[in-house]
Amino acid sequence: MKIKYYKLLLLALPILFISCSDDDDENNVVVAPNTYEFTRDGASTVSFTGQTARLNMADEIYAALNTNTSSSAKLLEMHNDGTGFSDATLDASGKKIGSKTAAGCSHGPLSQTQQRFKDMLSDYDDVKANWTATATNGSAGLITDANRTINVNAKGWELDQTYIKGIIGGMCVDQIVNNYLDPCQLDSGTRRADNDNGVLASGKNYTDMEHKWDEAFGYMYGQEADPTRADLGTSPVKTGTTLYKYLYSVNGQAAHAGISSRIFDAFKLGRAAIVAKNYEVRDEQIKILAVEISKIVGQKAVNYLEGYVATDKAVSPADAIHDLSEGYGFILSLMFTNDGTGSPYFSEAEVNTMLSKLSNFWTVSDVELTQMANDIKGRFNF
């Protein structure tokens, strides 16, 4: 088959057409809608409620880590079991963060990394016990400067930041690029044949393949107040604590201008391609999404490492440690990136080597952190 792609921008109606033609002149045109809305028999086929639930769970765990009123047992219950939340609908959702963290089907469960998240939550009790003490090397407590006051563990980690930034990669990015957009989900079993033949999931108005794509979409936009708005690509909002918040942040950087549009357009076109049963176009959008979403993780890791190095630690120690804690989480997230070929920009082993240099924030080296940031920029070609 000889494949040709044609893009036509209509000023009055900005819809993207892509055609796939072969030697028999068969034509399979993919039309991306202006909004992420897809229907069958007049009813929506889009559903990602489970993803919204998990993102809301992450927000509540993050908030609990910022108080001295929870416990490690409670936080682990929330993470592992999906219960113990103040929002009763989350407890009743049947969803869990732990089972969706470091668990993309393309690589399988990464038990060592899964344990890292549990260890952070287990360490909360020591932070709570020393909530008003002054932190020192080996002792949890407070670090304060003119800009902020933070609570850290004995290694100097601000646990709310190391945890939630790690979840951005370990759950959100991993579930998008290494799970729901991977053939191990999209094309599993009879899903391609079922999609070709219009076989719907039991009791649902969507095919399994359509739903898997929507679940990937949900890990990015699941907390968006109106995920059907036409300007979703050009006007992301700063909401929640996970991936969508940082899409907003990176989109505002000149080096990545337009990244939110590229991601949104690929989500729309890929979903439309599934409806059109055009898997060549679908797979091209998967590659775009893998690369562009991975850039968010790489860029923020660099930003926070460089932010720490540039900060005068004697004057603003809390600011510095806050940056380094966020940087730790984004470095942890690097192993869940995808370069468009199914490989991470940094392997789990490479990430573990970097994290070993960050095991104790009281003794880190600016020289090593600068080299780390440069290595990330080189790998991503920033």
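This is a predicted model: local features need pLDDT of at least 70, side-chain atom pairs count only at pLDDT 80 or more; totals for chains, interfaces and linings use all residues.
Let me start with the fold as a whole. The protein chain has 15 helices and six strands. For 382 residues, a compact globule would come out with a radius of gyration near 21 Å, and ours sits at 22 Å, so the two agree. If you box up the C-alpha atoms along the principal axes, you get roughly 75 × 45 × 40 Å. About burial: 52% of the residues count as buried. And if you take contacts with a separation of 6 or more, 67% of them are between residues 24 or more positions apart.

Now the cysteines. How many disulfides are there? The count is one. C105 pairs with C184, and their sulfur atoms are 1.8 Å apart. The torsion about that S-S bond is about 70 degrees, which means the disulfide is right-handed. The bond ties together distant parts of the chain: C105 is in the loop between helix 3 and helix 4, C184 is in helix 7, and 79 residues separate them. C105 is partly exposed at 30% relative accessible area, and C184 is partly exposed too, at 29%.

Then there's C172, which is in no disulfide. Its nearest cysteine sulfur belongs to C105, 16 Å away. So is C172 buried or exposed? Buried, with a relative accessible area of 0%.

The chain exposes about 15,600 Å², with carbon and sulfur atoms supplying 49% of that. We have 34 positive and 48 negative side chains, and the centres of those two sets lie 0 Å apart.

Key: Residues are numbered from 1 along each chain as its sequence is written. Side-chain values use heavy atoms; hydrogens and water are left out. A disulfide is a pair of cysteine sulfur atoms within 2.5 Å. Helices (H or I, at least four residues) and strands (E, at least two) are DSSP runs, numbered from the N terminus. Buried means under 20% relative accessible area, exposed over 50%, partly exposed in between (1.4 Å probe, protein chains only). The radius of gyration is taken over C-alpha atoms; the globule rule is 2.2 Å times the number of residues to the power 0.38. Contact means heavy atoms within 4.5 Å. Accessible areas come from the Shrake-Rupley method with a 1.4 Å probe; for residues, only the protein chains shown count as cover. Lys and Arg count as positive and Asp and Glu as negative; His and the chain ends are not counted. The place of a charge is taken as NZ of Lys, CZ of Arg, CG of Asp or CD of Glu.
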